Amino acid sequence: MKFLFSWKGILIAVIILIILIVILIDFRVNGYARYDKLEEFDFKLCFGTYGMQNIDTFENTVTKNLVLSGTITSEYVMPEHIKRQIYKMMRDMDILEFPTKLELPIVDEDKANNIILTVVIDGVEKTVECKVPWGYKLRGIGTTPVRIYQFLTLTGYIENSVYKSGDWQDLPKSVGGYL
């Protein structure tokens, strides 16, 4: 206990405090600084065949592709805890540094899901696009490039969170399909 109140103890404590402050400042400048404010965070995710389905937190809507019956758009306010989780995922993967287009080998352009994510974080807008072949299975980072794996994991999480919502379940069933 004597050491803590001695000059050496106080000096060591001050040095540790200064180091922590420097680390925090560096983290804020070079790390997550642009991901500060959740209230300045919205996104629109278009997905599915021809990208005709979407989740839009700018307009608080969800659009479902009914195939032969067209599309239907309904009001949808994403629950705060899900939006925070999506925000965290985007922050952790540094979505603002992603390339505009992610490439997977496509055999038939007509048999691909178009995924387009537009996000605005603290006034910075970023759009990322990826075409995914029908039936593509996300197997892991070893078989899928890291950025594509992160992007498909994120967009899959967003899609599934909406599919599970009562708002999506209340929409009419799709009629028909694509060949």
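## Overall layout

Along the sequence, the protein runs α-α-β-β-β-β-α-β-β-β-α-α. That comes to five helices and seven strands. The model is a predicted one.

The protein has 179 residues, and 36% of them are buried. Its accessible surface is about 11100 Å², with 59% belonging to carbon and sulfur atoms. Among contacts with a separation of 6 or more, 64% link residues 24 or more positions apart.

## The nonpolar core

In soluble globular proteins, nonpolar side chains tend to be buried together. Here, the largest nonpolar core has 34 residues. Those with the most contacts inside it are Phe43, Ile55, Ile86, Met90, Ile95, Phe151 and Leu154. At least two core residues come from each of these elements: strand S1 (41–47), helix H3 (80–93), strand S6 (112–121), strand S7 (124–133) and helix H4 (146–163).

What does phenylalanine 43 contact, leaving aside neighbours within four places in sequence? Its partners include Ile55, Phe58, Met78, Ile86, Met90, Leu117, Val119 and Ile158. Asp56, Thr57 and Thr118 are also in contact with phenylalanine 43.

## Glutamine 53

Glutamine 53 sits in strand S2, which covers residues 53–56. Is this residue buried or exposed? Glutamine 53 counts as buried because its relative accessibility is 13%, and the cut-off for buried is under 20%.

The glutamine 53 side chain reaches the backbone nitrogen of asparagine 65 at 3.2 Å. Not counting residues up to four places away in sequence, glutamine 53 touches Leu45, Cys46, Phe47, Thr63, Lys64, Asn65, Tyr163 and Trp168.

Methods:
Residues numbered from 1 in each chain as written. Predicted model: local features only at pLDDT ≥ 70, side-chain atom pairs only at ≥ 80, totals over all residues. Heavy atoms only, no water. Core = buried A, V, L, I, M, F, W, Y, C linked by side-chain atoms within 4.5 Å. Buried < 20%, exposed > 50% of the residue type's maximum accessible area, 1.4 Å probe, protein only. Helix = DSSP H or I, 4+ residues; strand = E, 2+ residues; numbered from the N terminus. Contact = heavy atoms within 4.5 Å. Polar contact = N/O pair within 3.5 Å; in protein donor to acceptor, adjacent residues only side chain to side chain. Areas by Shrake-Rupley, 256 points an atom, 1.4 Å probe, with all protein chains shown as cover.
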